[in-house]
Amino acid sequence: MSKPRQKHGTALEGVIVAAFGRHYEVVVAGQARQETKPLKCYPRGKKSVFACGDEVEIEATGSDQGVITALKPRRNLLWRSDAFREKLIAANLSQVVLVTATEPGFSDLLISRCIAAAESQHLRTLIVLNKADLADSLPAAHRMLAPFERLGYEVIELSARAGADELRPYLAGQRSIFVGQSGMGKSTLTNALIPEARAATREISEALNSGKHTTTFARLYPLDGGWLIDSPGLQAFGLAHLTPDELAASFVEFNDHLGKCRFRDCRHESEPGCALQAALASGAIDARRFEHYRLIRDEIREAKRQSQGW
């Protein structure tokens, strides 16, 4: 039997389980999702600074509505930004699950961006290679993911339509989010793991060799003692909020070499005595990953220049 609705003005605590624009759905603490529908909530004031997974205080304003009055301290925040905009993705995570697929093609640069965002928040990263049953495309996918595997990032190969349960042990008890480009199968995986999610899926747009956006907002689902967030497909992941030092530290293969350059303000380009360049030359740092670092670093510099109106 459903619990009675809270009275108007009642102070409550809960978790944001869906975020779309300035509209949020909040599950009240102590009430299982099957016992009551989430409250439809809006932020107090004009600013909307909340993300899926946030723990919040709310005030009931009706039988199924409320106002978010306060944000409780976050353990972490996954977000992306460019020179002028910020996009909050999810909060209070324990791991980021990067979903790739043999088809359509995926961007290894986007993977490096997502990993950098996760590392900067001290989050575990797991990579899923979906559609592993498409044997003809498997070797190319393996080549793209090999540099990440060599760094210790685990890659799980599966087919969402037949073998999604292989992922369950990695999600049990975790606060996870599926992140990746459109068309990788995030929503199909979510549906397979959580049938009641009924997340919408669409066919891949062959003409564009990219997936159509099927999830337009982030949504949280309870799963095996933890929870899982299915997020919209990404085509960009700006990291303008990271400092140069934070970016370098998020590339785990740099850790043994940072601070060992001859010059303290080394830009890691052509300066004599650059420890990163020496590691690159010796093969200790993968050339493609170093190129990712340089691209993101230069993008951050340009974003800072634009935001300051230079």
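Predicted model: local features only at pLDDT ≥ 70, side-chain atom pairs only at ≥ 80, totals over all residues.

Guide: Residues are numbered from 1 along each chain as its sequence is written, and side-chain values use heavy atoms, with hydrogens and water left out.

Visitor: How many helices and strands are there in the chain?
Guide: Helices (H or I, at least four residues) and strands (E, at least two) are DSSP runs, numbered from the N terminus. On that basis the chain has eight helices and 13 strands.

Visitor: What percentage of the residues of the chain count as buried?
Guide: Buried means under 20% relative accessible area, exposed over 50%, and partly exposed in between, with a 1.4 Å probe and protein chains only. The chain has 310 residues, and the buried share is 47%.

Visitor: Which residues line the largest cavity?
Guide: A cavity is a set of points, on a 1 Å grid over the protein atoms alone, where a 1.4 Å probe fits but cannot get out; lining residues have an atom within 4 Å of a point. Grid points are joined across faces, edges and corners, and a volume is the space filled by probe spheres set on the points. The structure holds two cavities of 30 Å³ or more, and the largest has a volume of about 80 Å³. Its lining consists of Leu98, Val99, Thr100, Phe106, Ser107, Leu110, Ile111, Cys114, Val179, Gly180, Gln181 and Met184.

Visitor: Which elements each supply at least two residues of that lining?
Guide: Ala, Val, Leu, Ile, Met, Phe, Trp, Tyr, Cys and Pro count as nonpolar, Asp, Glu, Lys and Arg as charged, and the others, Gly among them, as polar. The lining of the largest cavity divides into eight nonpolar, four polar and no charged residues. The elements that each supply at least two of the lining residues are β8 (95-101) and α1 (108-120).

Visitor: Why is α1 described as largely enclosed by the rest of the structure?
Guide: Helix α1 spans 18 Å from its first C-alpha to its last, close to the 18 Å expected at 1.5 Å a residue, where the expected span is 1.5 Å times one less than the number of residues. Its buried residues include Asp108, Arg113 and Ala118. Helix α1 is largely enclosed because its buried residues number eleven of 13.

Visitor: Which residue has a side-chain oxygen that reaches a backbone nitrogen at the start of α1?
Guide: A polar contact is a pair of N or O atoms within 3.5 Å; within protein, one must be able to donate a hydrogen and the other to accept it, and residues adjacent in sequence count only if both atoms are side-chain atoms. The backbone nitrogen concerned is that of Leu109, approached to within 3.3 Å by a side-chain oxygen of Ser107.

Visitor: Where is the cis peptide bond?
Guide: Most residues other than glycine have a negative phi, and most peptide bonds are trans. Here Pro104 lies in the loop between β8 and α1. With omega about -5°, the cis bond joins Glu103 and Pro104.

Visitor: Is Asn92, with its positive phi, buried or exposed?
Guide: Asn92 is not a glycine, yet its phi is about 60°. This residue sits in the loop between β7 (86-91) and β8. Because its relative accessible area is 1%, Asn92 is buried.

Visitor: What distance separates the C-alpha atoms of His268 and Ala278?
Guide: His268 is also placed in the loop between α6 and α7, and its relative accessibility of 11% counts as buried. Leaving aside neighbours within four places in sequence, the contacts of His268 include Cys261, Cys274 and Tyr293. His268 and Ala278 are ten residues apart along the chain, and their C-alpha separation is 9.7 Å.

How values were computed: 1 Å grid on protein atoms, 1.4 Å probe; cavity = no way out; pocket = protein on both sides within 12 Å on 5 of 7 lines; lining within 4 Å. Contact = heavy atoms within 4.5 Å.
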